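Thank you for making time this morning; I would like to walk through one structure with you, slowly, and to keep to what can be read from the model. Please have the sequence and the 3D view open while I talk.

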Amino acid sequence: VYNNYDNACYIGNSTNPYVILVQANNYAGLIETCVVNGNTKFLNTNCFSAETKLKSITLPDGLISIGSYSFYRCGTLGAVTIPDSVTSIGVNAFEKCSALSLITIPDSVESIGAYAFEGCSALSSIIIPNGVESITDYAFQGCSALSSIIIPDSVTDMHATFRFSNALTNVPKLSNNVTTLSNAFESCYNLKRINSDTDGLINIPNVTSLGNRVFYSCAQITN
């Protein structure tokens with residue numbers, strides 16, 4: 001038996017009946033807003049998946065994890081503030097949230113899952129929080145409005161992270177501790193500079209493995 005609160009269903013225990021948000025109150029994709037219960041710790045896999053009319057979600061302080069596919073294809077969700085208690089963003093968590101233009105990721109986040117923001121075509125800028133070590137496969141692939149990113153020194157590995165992010169022109173800060181890049185900037189046609197003030201120049205002195213197709217079709221990178 002689920003416990004209900006503001007357009008969502010929960011399970012928990014006798015002390016806290018709202019530990020896990022399991023799903024939206026209906027499967028018809030009709031809800032437009034949801035305030036997650038203040039005692040919730042986890043968002044379940046697929047909990048709001050394909051809620052195509054969801055425009056606003058309020059996440060509580062104390063939330064620990066955003067599950068895989070939590071907001072998959074929530075195409076009208078415009079902005080999300082992730083509280084600084086969250087440590088992980090699951091795979092495909094915000095994939096195809098095509099209206100998502102603003103998201104705040106706090107320093108508490110340690111991992112960003114594969115495809116987490118893939119196809120978020122309205123997202124124009126992102127700051128990766130200090131503490132994330134690995135940005136997994138295709139996390140920001142196809143973010144076609146993304147023009148600038150900052151990647152902190154905690155990050156050591158990047159795999160196909162920004163493929164097909166065609167508006168990306170500048171990476172003013174790429175972690176000095178990145179040692180492995182694989183497909184990371186493939187087909188970022190407009191990318192001009194990384195760790196540099198000069199167009200055409202990339203500065204990645206500590207990378208020991210470039211892997212496959214890191215700068216494939218990045219025609220404006222010359223040095």
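Is Cys 143 buried or exposed? Cys 143 counts as buried, because its relative accessibility is 0%. Before I go further, please keep in mind that this is a predicted model, and that what I say about single residues is read from that prediction.

Let me stay with the cysteines for a moment. A disulfide is a covalent bond between the sulfur atoms of two cysteines. In this structure there are zero disulfides, and Cys 34 is accordingly in none, the nearest cysteine sulfur being that of Cys 47, 8.7 Å away. Cys 34 counts as buried as well, at 1% relative accessibility. For Cys 143, the closest cysteine sulfur is the one in Cys 120, and at 5.2 Å that is too far for a bond. The cut-off used here is 2.5 Å between the two sulfur atoms.

If we move inward to strand β3, residues 20-24, we find a mostly covered strand, in which four of the five residues are buried. With strand β2, residues 8-11, β3 pairs in the antiparallel sense over four bridges, and within that pairing Ile 11 stands opposite Ile 20 in β3. With β5, by contrast, β3 runs parallel, and two bridges join these strands; here the bridge partner of Leu 21 is Leu 43, in β5. Continuing across the sheet, β5 pairs with strand β7, residues 65-66, in the parallel sense and over two bridges, and Leu 43 stands opposite Ile 66 in β7.

Most residues other than glycine have a negative phi, and most peptide bonds are trans. Asn 46, however, has a positive phi, near 65°, and it is not a glycine. Asn 46 sits in the loop between β5 (42-43) and β6 (56-58), and it counts as partly exposed, at 40% relative accessibility. Ser 187 also has a positive phi, of about 60°, although it is not a glycine. Ser 187 is found in the loop between β17 (180-182) and β18 (193-194), and, with a relative accessible area of 4%, it is buried.

That brings me to the charged side chains. Side chains of opposite charge can pair when their charged atoms come close. In this model, the count comes to five salt bridges.

Which residue forms a salt bridge with Asp 153? The partner is Lys 173, with the closest N and O atoms 2.7 Å apart. This pair links distant parts of the chain, 20 residues apart, with Asp 153 in the loop between β14 (148-150) and β15 (157-159) and Lys 173 in strand β16, residues 170-173. Asp 153 is partly exposed, at 32% relative accessibility, and Lys 173 is partly exposed too, with a relative accessible area of 24%.

The side chains of Glu 186 and Arg 163 meet in a salt bridge at 2.9 Å, N to O. Because Glu 186 lies in the loop between β17 and β18 and Arg 163 in the loop between β15 and β16, the pair ties together parts that are 23 residues apart in sequence. Both of these residues, Glu 186 and Arg 163, are buried. Glu 186 also forms a salt bridge with Arg 213, where the closest N and O atoms are 3.1 Å apart. Arg 213 lies in the segment after β18, so this second pair ties together parts that are 27 residues apart in sequence. Glu 186 has a relative accessible area of 3%, whereas Arg 213 counts as partly exposed, at 42% relative accessibility. Lastly, salt bridges that share partners join Glu 95, Lys 96 and Glu 118 into one network.

How values were computed. Residues numbered from 1 in each chain as written. Predicted model: local features only at pLDDT ≥ 70, side-chain atom pairs only at ≥ 80, totals over all residues. Heavy atoms only, no water. Buried < 20%, exposed > 50% of the residue type's maximum accessible area, 1.4 Å probe, protein only. Salt bridge = Lys/Arg side-chain N within 4 Å of Asp/Glu carboxyl O. Pairing = 2+ DSSP bridges.
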